[in-house]
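Please look through the structure below slowly, with the sequence beside it, and follow the chain from one element to the next as you read the paragraphs.

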Amino acid sequence: MIKNPAFYVNSELCTGCKCCVIACKDKHDLLDGVMWRRVIEYSGGEWLVTGNVFEQNVFAYYISISCNHCENPLCVKGCPTKAMQKDENGIVWVDQNRCVGCHYCEWNCPYGAPQYNEELGRMSKCDFCRDNLAKDEPPACVAACPSRALDFGGYEELQKKYGKHATIAPLPRPEMTTPHLIVEPNRHSKPQGSMAGTRGQLVSNPEEI
Amino acid sequence: MEGFISLTFFTVLGQTAAGMAILSAVFEPRNDQQRYPFWVIVSLALMVLGGIASVTHLGYFLHSLYTLTNPFSSPLSQEIYSVGLFGGLLFLSLFIRGLWLRILLALSGVLMVYVMSNVYTIETVTPWNSSITLVSFFTTAILIGAVFLFAVDTFKNKGNEEEILASLTGWKTIVIALAFVARIVLVPLQVIKASTPVNTTLLDSQLTLTGVAVVLGFFLIFRNALRELNQKETCSVPLFTRMVILCLILLAGELCGRFLFFSRYINFGM
């Protein structure tokens, strides 16, 4: 089993089709409204007057995101019951036998990864498809991506393979949690913290994530 | 959002109980001759109601004992300990009298309000992550704590309008006014500190609601009360009823303000 698993997302290749979202929901039989993997849309732009002409600088790109199994997971630190844990392989998971469903992990995660399961009354989150990894199979989201925008592997190996990229908007500051996530920027990517999006710092499709 | 309603009640009621303990230790440290002080009973009732509200926020109550297992890392776990400490000392205050217990109770109240604010002062929820949260929680404790001590006095002196009027012109009114002024002062301070627009909006909405409640309540009650003091006229509504209305208006204003605080939560912290 790989150590410190991480996801790679190529924003240049991602078309926002949400196959990864559906594959994850299907595999884990998630309830309505619970999405361990989500596709963020970031868009903006405006008309500019250049001389006697109007030009536009409209942009839009997608980032598929789930739990990043961070180096310094704030959800684990904040959990009052110690239900949120990081296992020996570096996967952050929820022990359903301890979780009290207080939502504190959800508030502490800058990526909104832990999500409430109303049926269980407890929190739930991406476990990196641990059963698949044990069988040397890829996580459901990676396997389902039609444009091969997703990849996975040990964090160090992925860094060697794809390099280390700067975080792009609208992702939060990586210093907060040191996420095991490598994002290949889109050609239109805005730097982290940019306010160029239509809704300021926020994502363009909040109702979908 | 439903979860936030229960947290609104839990935080406001808990802070009110703490405020009552702090203010009574500061202003009436030796006034504890009664065996079952009425204000302690009221504080305890508020803590019990707040406790019930907080439990309804949990998805799986049966695991709640596990919340005591991470006090060194989780502010939420620390909050539960501090609530337990304050509640325990409050319960002891029903039976045991003494200055040392009053001081200990007040200190545990301060600790509880401080730890409560720590729970929400988190980097990932920008609108909550500022010193406003701490100041706001303490002003709630002082403002509504004084109002409830006021209500307790009024209840004890029911029928004795002179005593109620005396209470109206005493330290509790000054504390209520000061706590409210503290809130108003916070606005320019925040602007100077270049706060985010969201924080300013949050504070504005809290201020507006509490402010409307305070101004309305004081206008309705103080004006007539002071006129009565000067024996210019009498009001057909008993003073006791007006005091109860004032307390309820203030509490409602505070609950609305706190609910707005919670509604500023942003799911995806970006």
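Pro5(A) stands opposite Gly154(A) in β10(A), in a model that is predicted. Helices (H or I, at least four residues) and strands (E, at least two) are DSSP runs, numbered from the N terminus, and two strands pair if DSSP finds at least two bridges between them. Strand β1 of chain A, residues 5-10, pairs with β10(A) in the antiparallel sense, over five bridges. Strands of a sheet pair through backbone hydrogen bonds, either parallel or antiparallel.

These two strands belong to an open sheet of three strands in chain A, with the order β10-β1-β11 and mixed pairing. The edge strands are β10 (150-154) and β11 (181-184) of chain A, each of which pairs on one side only. From one strand to the next, the twist averages 20 degrees, where axes are lines fitted to C-alpha atoms, for helices over the stretch in contact, and angles run from 0 to 180 degrees between N-to-C directions. Helix α6 of chain A, residues 155-162, packs on the sheet and touches β1, β10 and β11 of chain A, contact meaning heavy atoms within 4.5 Å. The direction of α6 makes about 125 degrees with that of β10(A).

Some backbone details deserve a careful look. In the segment before β1 of chain A lies Asn4(A), which has a positive phi of about 45 degrees although it is not a glycine. In the loop between α6 and β11 of chain A lies Pro170(A), and a cis peptide bond, with omega about 5 degrees, joins Ala169(A) to Pro170(A).

Elsewhere in chain A, β3(A) and strand β4 (residues 53-56) pair in the antiparallel sense over four bridges, and Val49(A) stands opposite Phe54(A) in β4(A). The hairpin of β3(A) and β4(A) has two residues between the strands, and in this hairpin Gly51(A) takes a positive phi near 65 degrees.

The structure also holds seven salt bridges over all chains, a salt bridge being a side-chain nitrogen of Lys or Arg within 4 Å of a carboxyl oxygen of Asp or Glu. In one of them, the side chains of Arg187(A) and Glu12(A) meet at 2.8 Å, N to O. Arg187(A) lies in the segment after β11 of chain A and Glu12(A) in the loop between β1 and α1 (19-28) of chain A, so the pair ties together parts that are 175 residues apart in sequence.

Turning to chain B, a nonpolar patch on the surface is formed by Tyr36(B), Ile41(B), Phe91(B), Leu92(B), Phe95(B), Ile96(B), Trp100(B) and Leu104(B), with about 750 Å² of accessible area together. Patches are made of residues with over 30% relative accessible area and no salt bridge, like charges being joined within 9 Å and nonpolar side chains (Val, Leu, Ile, Met, Phe, Trp, Tyr) within 5 Å; accessible areas come from the Shrake-Rupley method with a 1.4 Å probe, and for residues only the protein chains shown count as cover. The largest share of the nonpolar patch, three residues, comes from α3(B), the helix in which Phe95(B) is found.

How far can these details be trusted? The pLDDT, which is the predictor's confidence in each residue, from 0 to 100, averages 93 in chain A, where 99% of the residues score at least 70. Chain B averages a pLDDT of 81, and 75% of its residues score at least 70. Where pLDDT is low, the predicted coordinates should not be read in detail.

Residues are numbered from 1 along each chain as its sequence is written, and chains are lettered from A and ligands numbered from 1 in the order in which they are written. In this predicted model local features need pLDDT of at least 70, side-chain atom pairs count only at pLDDT 80 or more, and totals for chains, interfaces and linings use all residues, while side-chain values use heavy atoms, with hydrogens and water left out.
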